[in-house]
Amino acid sequence: MEKQTLSFQAEVKQILHLVTHSLYSNKEIFLRELVSNASDACDKLRFEALDAPSLYEDVPTLEVRVWYDEAARTITIRDNGIGLSADEAVAHLGTIAKSGTREFMARLEGEQKKDANLIGQFGVGFYSGFIVADRITVESRRAGLKPEEGVRWSSEGTGEFEVETLTRPARGTDVILHLREGEEEFLSLWKLKSIVGKYSDHISLPILMRKQRWDDEKKAQVDTDEWETVNKAAALWTRPKSDITDAQYQEFYKQVSYDSEPPLAYTHNRVEGRTEYTQLLYVPAKAPFDLWNRDKRGGVKLYVKRVFIMDDAEALMPVYLRFVKGVIDSADLPLNVSRELLQESRDVKAIREGSTKRVLSMLEDVAENQKDKYAAFWKQFGAVLKEGVGEDHQNQERLAKLLRFASTSAEEGVGFEDYVKRMKEGQEAIYYLTADSLATARSSPQLEIFRKKGIEVLLLVDRVDEWMLSHLFEFDGKPLQSVAKGGVDLGKLQDEAEKKHAEETAEAFKPVLERLKAALQDRAKDVRTTMRLVDSPACIVVDEGDMSSHLARLLKQSGQATPGLGAGKPILEVNPEHPLVKRLDGDARFDDLAQILFDQALLAEGGQLEDPAAYVGRVNRLLVA
Ligand code: ADP
Ligand code: MG
């Protein structure tokens, strides 16, 4: 192929512009990115060679070499991995196939201190070379191609790149960085070694650099022609826990997650028994921008006997734990396992179950021993964990314990266990109220009797709460009961005198009730007296087993038809002790008052009036009377 000059894809140009103009802190990560690409290329060769061993071309040892040339001002990263064909060089080094680039740009633009670390997070690591280089040359030959089918790719990282064919006997890739003015600090073996040690120690193949020896004449260390392995070349997760420092765990996390913040917690275990595997799993401190995308693949990489198999193997973690990052290394799976096979494998099922339990134990531990940390976790990931309550019946109880809510006695952070501990003598149920917002919940009339009696009510205001509650009915043997459903049965919490008084009042109120029912027959399924209200005249409730009005509203908003409409008409409960209700009897404006009572009850629980103008008209008639 003649030398060709091609243009970068527009997104690449934008990235390059940012990389060369704004990334100043953490420049050194370019080496981590390029070594990691070299290591990925070796992983890919190993993987493809499972079916086609001839790809090794009689050189089965895979390795990465890093060296510099002071006179030429270059740093070279060489691997003997899969290599690139000319077409691949154009495609992979000239365009970005991945989504998320726009988010990356937006984030970089928003960042005050522009951190180069962000670059790897979005899968554009190769371009980080341009942080320190004003020209990058890539020389490569794909494994299996002829020596004449090599490629040279070269660019100054502005708008264009050049490609041409090259004869290259050696399989694999050289990435040659021509350093910018002012980046001389990287022309040092000591410097390069320390960066490799910091970021790439866990890389599971040897990284070779030149040996140094003491030169008596120069009175300094000088580089020799001998090579030595500078990393431990043992994948971090395969080393015994006791040999790994917290800093190493944290560094490894950065590499698997590209998160610039340290993880919230991690767990590392070797599981033995019927299925054998090692897991190193992390919970991030911050939710990613695409946490809500349930189709997003998980963040757990699958290895089989230390051979990298695939990124984001979703079968390894339940969807509700999609935020977990890390590595699972199986000793049992075949190396050529496909995504489809993973879905069906019994070993994978065992791994998923075991890993889920591990993550839950890790969260339980944080919840128990580091309450502030858990509160921070809950803010970021709580709503996702709630999905698990409905999806993972096996672990439902453990998940329920991890839930946190607001309540009438606390701003936030109330777990079922705390609630149960605070239950009043004689209280049999766990009471809750669902609403659109905390403000609506806190001012709901439904809570009045509970406040009066000092009974705590959990306030559930997340969109997933209603759905979650359709899967969770009790905790610790105590039923979950909505305070907005059915007649409130305070059970033993009401004394005999109160009950007797309630019955008598209800009896006396019967004739008025009948008239109310007639007046509201199109809107209310039933009208009845209640003891749940103290200061409010009336409230809306639904029958036990009917959909809560909050859920009905959510469904309506999302355009889903409400099943059994009509049967879903709410019940109006009135407070026979309230002055407004008392004056109903004998009032000439009975019909207007009845409608207003209903409308106001609807408004108070965050509902919307179907005919607001009619409501205003009625209120105005009262005001002028
Ligand atoms: P990522 O590594 O996340 O895919 P990069 O920007 O680091 O993104 O690399 C882009 C692509 O360039 C890689 O996916 C790979 O196809 C190709 N590539 C980069 N370095 C090498 C290499 N040393 N050998 C073979 N291919 C490489
Ligand atoms: Mg990369």
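Colleague: Before we look at the helices, what makes a crossing left-handed or right-handed?

Modeller: A crossing is right-handed if the near helix is turned clockwise from the far one by less than a right angle, and left-handed if the turn is anticlockwise. Please keep in mind that this is a predicted model.

Colleague: Okay, so which way does H2 pass H6?

Modeller: H2 passes H6 in a right-handed crossing. Helix H2 covers residues 29-48 and helix H6 covers residues 189-199, and the two pack at an angle of about 65° with their axes 9 Å apart. Angles of 65 to 115 degrees count as roughly perpendicular, and therefore H2 is described as roughly perpendicular to H6.

Colleague: And which residues in H2 and H6 meet there?

Modeller: From H2 come Ile29, Leu31 and Arg32, and they meet Leu192, Ile195, Val196 and Tyr199 in H6. Sorted by class, the contact of H2 with H6 has six nonpolar residues, one charged residue and no polar residues.

Colleague: Changing topic, which residues touch the most other members in the largest nonpolar core?

Modeller: That core has 74 residues, and those touching the most other members are Leu302, Phe323, Leu385 and Phe416. Helix H9, residues 346-369, gives the most to this core, with eight residues.

Colleague: What does Phe323 touch?

Modeller: Leaving out residues up to four places away in sequence, Phe323 touches Tyr282, Val283, Pro284, Leu291, Phe377, Phe381, Val384 and Leu385. Apart from this core lies another one, of 58 residues, and among its members are Tyr56, Phe130, Ile195 and Ile207.

Colleague: Now for the backbone, what is phi of Glu57, and where is Glu57 found?

Modeller: Phi of Glu57 is near 50°, which is a positive value in a residue other than glycine. Glu57 is found in the loop between H2 and strand S2 (64-69), and with a relative accessible area of 27% Glu57 is partly exposed.

Colleague: What about Arg73, what is its phi and where is its place?

Modeller: Arg73 has a positive phi of about 60°, although Arg73 is not a glycine. Its place is in the loop between S2 and strand S3 (74-79), and Arg73 is partly exposed, at a relative accessible area of 24%.

Colleague: Last one, is Lys556 buried or exposed?

Modeller: Lys556, in helix H17 (residues 549-557), has a relative accessible area of 63%, so Lys556 is exposed. Lys556 and Ala52 are 504 residues apart in sequence, and their C-alpha atoms are 57 Å apart in space.

How values were computed
Residues are numbered from 1 along each chain as its sequence is written. Chains are lettered from A and ligands numbered from 1 in the order in which they are written. This is a predicted model: local features need pLDDT of at least 70, side-chain atom pairs count only at pLDDT 80 or more; totals for chains, interfaces and linings use all residues. Side-chain values use heavy atoms; hydrogens and water are left out. Axes are lines fitted to C-alpha atoms, for helices over the stretch in contact, and angles run from 0 to 180 degrees between N-to-C directions. Helices (H or I, at least four residues) and strands (E, at least two) are DSSP runs, numbered from the N terminus. Angles under 35 degrees count as roughly parallel, over 145 as roughly antiparallel, 65 to 115 as roughly perpendicular and the rest as oblique. Contact means heavy atoms within 4.5 Å. Ala, Val, Leu, Ile, Met, Phe, Trp, Tyr, Cys and Pro count as nonpolar, Asp, Glu, Lys and Arg as charged, and the others, Gly among them, as polar. A nonpolar core is a set of buried Ala, Val, Leu, Ile, Met, Phe, Trp, Tyr and Cys residues joined through side-chain atoms within 4.5 Å. Buried means under 20% relative accessible area, exposed over 50%, partly exposed in between (1.4 Å probe, protein chains only).
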